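This report describes the strand arrangement, helix packing and ligand surroundings of the structure shown below.

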Amino acid sequence: MPSYPYVLLSAAVSLDGYLDDTTPERLLLSGPADFDRVDEVRASADAILVGAGTIRADNPRLLVNSAERRAARVASGRPAYPLKVTVSASGELDPAAGFWHTGGEKIVYTTDEGARRLRRTPVAADVVALGPELDWRALLAHLARVRGVGRLMVEGGGTVHTQLLRQGLADEIQLVLAPLFVGDPTAPRLFGPGGYQDGRLRLVETRRIEDVVLMRYEPTAPGTGPLPAAADRHWLALACELAERCPPSGTAFSVGAVVVAADGTELARGHSREGGDPVVHAEEAALAKIAPGDPRLAAATVYSSLEPCTRRASRPAPCARLILDAGVRRVVTAWREPDTFVTGADGSGVLAREGVEVLVLPEYEDRAKAPNAHLLP
Ligand SMILES: NC(=O)c1ccc[n+]([C@@H]2O[C@H](COP(=O)([O-])OP(=O)(O)OC[C@H]3O[C@@H](n4cnc5c(N)ncnc54)[C@H](OP(=O)(O)O)[C@@H]3O)[C@@H](O)[C@H]2O)c1
């Protein structure tokens, strides 16, 4: 399972939801204090990505402007400027654009066709062709694996933001609302038409910055099928956090679990030994809080810091059976059960053989293990 960078979408919009107007000059939606905040976010990123449309429309340089922030990056062993990344299917990029001639390293992700064009009209950047079409997961996996990018800031435009959000690849949206109107229906919008997650995103912060407001949101809807969505990682992180809350035990694991509906609504959460029950398991505790036959269970995802158990002495039904009986078809976990108490437990295998989609996200394994360190060799 490839791991991806943390993907942060950053944009400013007018009160009527536009990213820009249709004049040749870039519309300034924020003021100095917000531009300084953006500079700070850039300084926190390993890479900054914009679409080729934004390079053509705005000719941005995408620098960390503060000398102190650049010095702090260097002091912490990072390059002064984040890697600059763009995407282009056509490969039609102006070699004279400021993007190529300022800051640190640059990379263009493109198609085979775009790469051919870029061989004829090169730009000062590494060119990576991802096949006949550009696949965002392949791009993110390449950035993580080959360029070591852990945190990616995406600064637009709307075409890029729309795809990353709709494909469940955005971890966070940082949206600034500016008190002005564009009023031109042909101007670019932040998010285009199409299918987004059902239900509501999670509002994690609001901040007044001069006359604009920053809103930070996280998507909530679990992925569908075998590929992880950004929200899957958020929910699994919560399950690992719940595992930390378990009353300590020398004879059982500490595990956290969350059950989430397809629209991102949390149905229930639980953790081992909660509510004074010395033997209750996390998934069991969570499922017990949902009415049997709740129609949302069929499309729900169970997140569990440790894979559901298959054998237990304390109760008649192991958690894998409880999940199957509840009708849940998707389970995301961080850690396969070790042989500490049961040999060859294989909860993931049991569930998969019954048709449940099981995802193991090993990047959370250490967090899932942390409250159980005393039980491990
Ligand atoms: N207010 C803000 O915060 C903000 C921020 C950024 C941009 N903007 C505004 O947004 C507008 C530009 O937005 P936009 O939507 O037109 O452009 P964009 O999202 O910056 O770039 C779109 C281009 O990126 C490439 N691309 C996108 N998805 C791709 C994929 N899956 N595979 C291959 N290539 C892909 C294509 O390039 P090719 O055409 O080369 O194939 C596509 O035309 C400008 O008006 C700009 O001022 C505003």
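Predicted model: local features only at pLDDT ≥ 70, side-chain atom pairs only at ≥ 80, totals over all residues.

Two strands are taken as paired if DSSP finds at least two bridges between them.

Strands β12 and β13 belong to an open sheet of 5 strands, ordered β11-β10-β12-β13-β14, in which the pairing is mixed. The edges are formed by β11 (266–271) and β14 (357–360); each has a single partner strand, so one side of each is left without a neighbour in the sheet. From one strand to the next, the twist averages 15°. Helix α8 (residues 230–243) packs on this sheet and touches β10 (256–260), β11, β12, β13 and β14. The direction of α8 makes about 145° with that of β10.

**The sheet of 9 strands**

A further open sheet has 9 strands in the order β5-β4-β3-β2-β6-β1-β7-β9-β8, again with mixed pairing. Its edge strands, β5 (126–129) and β8 (202–209), each pair on one side only. The twist here averages 20° from one strand to the next. Helix α6 lies across β2, β3, β4 (106–110), β5 and β6, and runs at about 150° to β2.

Strand β1 has 7 of its 9 residues buried, and is therefore largely enclosed by the rest of the structure. Leu8 takes part in pairing with two strands: Met153 is its bridge partner in β6, and Glu172 stands opposite Leu8 in β7. The pairings concerned are listed below.

| Strand pair | Sense | Bridges |
|---|---|---|
| β1 and β6 | parallel | 4 bridges |
| β1 and β7 | parallel | 7 bridges |
| β7 (172–178) and β9 (212–218) | antiparallel | 5 bridges |

**Helix α7**

In helix α7 (residues 158–166), the buried residues are Gly158, Val160, His161, Leu164 and Leu165. Viewed down the axis of α7, these residues fall within an arc of 160°, so they line one face of the helix. In an α-helix there are 3.6 residues a turn, so residues three or four places apart point the same way. The buried residues of α7 pack against β1 (6–14), β2 (47–51), β3 (83–88), α6 (136–147) and β6 (151–154). Just after α7, Gly168 adopts a positive phi of about 70°.

**The shell around the ligand**

Which residues come nearest to the ligand? Of the 27 residues around the ligand, they are Gly51, Gly53, Leu134, Gly156 and Gly157. The elements that give two or more residues to this shell are β1, β2, α2 (52–58), β3 and α7. Helix α2 gives the most, with 5 residues. Divided by class, the shell has 12 nonpolar, 10 polar and 5 charged residues. Two descriptions meet in helix α7: its buried residues pack against β1, β2 and β3, among other elements, and α7, β1, β2 and β3 are among the elements that give two or more residues to the shell around the ligand.

Key:
Residues numbered from 1 in each chain as written. Axes fitted to C-alpha atoms, helices over the stretch in contact; angles between N-to-C directions. Contact = placed C-beta atoms within 7 Å. Buried ≥ 20, exposed ≤ 12 C-beta atoms within 10 Å, placed from the backbone. Arc of directions from axis to C-beta. Near = placed C-beta within 6 Å. Nonpolar A, V, L, I, M, F, W, Y, C, P; charged D, E, K, R; others polar.
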